[in-house]
Amino acid sequence: MRVISGTAKGRPLKAVPGNNTRPTTDKVKEAIFSIIGPYFDGGTALDLFAGTGGLGIEAWSRGMERVIFVDREKISIDVIRHNVAAAGAEQAVEIYRNDAERALKALARRKIQFDLVFLDPPYRMSTMDELMSEMAKLELLAQDAVILVEHDAEISYPQELASFRQVREAKYGDTAVTIYEYLSSNDSADRGDSSDEEQ
């Protein structure tokens, strides 16, 4: 794995040992950022099930000003710290060992709002729509924030979700990516839905 583009382009990234973490491949990562970027003019990102930290580091390399990484496993936290240092991003990140729901409540108390959110949980988890609704309830999302869910291709997430508009669904082998835009309550009733699929 490596950083594909931006200020840290080409920097190698370490994988989490074992079979419990399934890092986003460079091919899928490149496809993801061609959809949601490819570059950013500042903003704050959240990598909630961070694993290796590869998605958040890529977002920082491409222009995100600040990235918060959360993972519940100590081994992942150690790998994230290593990869952040390898990319030279130490001054732009915060790294926390916590589970997702507790982390969201802690971040809400700090009144942080995110412009970009990566949700790449273990593939057995299929409740990211519920987690997105919780983020909206906690006011953690900036207007027009982009939420990217990476999941097993056999799982489908709803096109219609309160306060969110699905803007893209794409499949890459056994991996799927579903992308949402966060809408204010005033906008959500007026905007349509669309999805796309590619093999």
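In what follows, Ala, Val, Leu, Ile, Met, Phe, Trp, Tyr, Cys and Pro count as nonpolar, Asp, Glu, Lys and Arg as charged, and the others, Gly among them, as polar. The model on display is predicted.

**The whole chain**

Begin with the entire protein chain in cartoon view. Its secondary structure comprises six helices and eight strands, and the order along the sequence is α-β-α-β-α-β-α-β-α-β-β-β-β-α. The radius of gyration is 16 Å, close to the 16 Å that the globule rule gives for 199 residues, so the chain is as compact as a globular protein of that length. Along the principal axes, the C-alpha atoms fill a box of roughly 45 × 40 × 30 Å. Colouring by accessibility will show that 52% of the 199 residues are buried. Among contacts between residues at least 6 apart in sequence, 68% join residues at least 24 apart.

**The largest pocket**

Next, select F49, D71, P121, P122 and M125, which lie nearest the centre of the largest pocket. This pocket holds about 850 Å³ of space and has a lining of 40 residues. Sorted by class, the lining contains 17 nonpolar, ten polar and 13 charged residues. To see where the lining comes from, highlight α2 (54-61), β2 (66-71), α3 (74-87), α4 (100-109) and α5 (128-137), each of which supplies at least two residues. The most is given by α5, with four residues.

**Helix α4**

A100, A103, L104, L107 and A108 are buried. They lie on the same side of α4 because they cover an arc of only 135° around the axis. An α-helix has 3.6 residues a turn, so residues three or four places apart point the same way. What covers the buried residues of α4? The elements over them include β1 (44-47), β2, β4 (114-119) and α5. Turn to the other side of α4, where E101, R102 and R109 are exposed. Just after this helix, select K111, which takes a positive phi of about 60°.

**Residue R72**

Finally, move to the loop between β2 and α3, where R72 is found. Is R72 buried or exposed? Its relative accessibility is 56%, and because exposed means over 50%, R72 counts as exposed. Display R97, N98 and D99 as well: leaving aside neighbours within four places in sequence, these are the residues in contact with R72. To end the tour, draw a distance from the C-alpha atom of R72 to that of L13; the two residues are 59 residues apart along the chain, and these atoms are separated by 20 Å.

Notes. Residues numbered from 1 in each chain as written. Predicted model: local features only at pLDDT ≥ 70, side-chain atom pairs only at ≥ 80, totals over all residues. Heavy atoms only, no water. 1 Å grid on protein atoms, 1.4 Å probe; cavity = no way out; pocket = protein on both sides within 12 Å on 5 of 7 lines; lining within 4 Å. Points joined across faces, edges and corners; volume = space filled by probe spheres on them. Buried < 20%, exposed > 50% of the residue type's maximum accessible area, 1.4 Å probe, protein only. Arc of directions from axis to C-beta. Contact = heavy atoms within 4.5 Å. Rg over C-alpha atoms; globule rule 2.2 N^0.38 Å.
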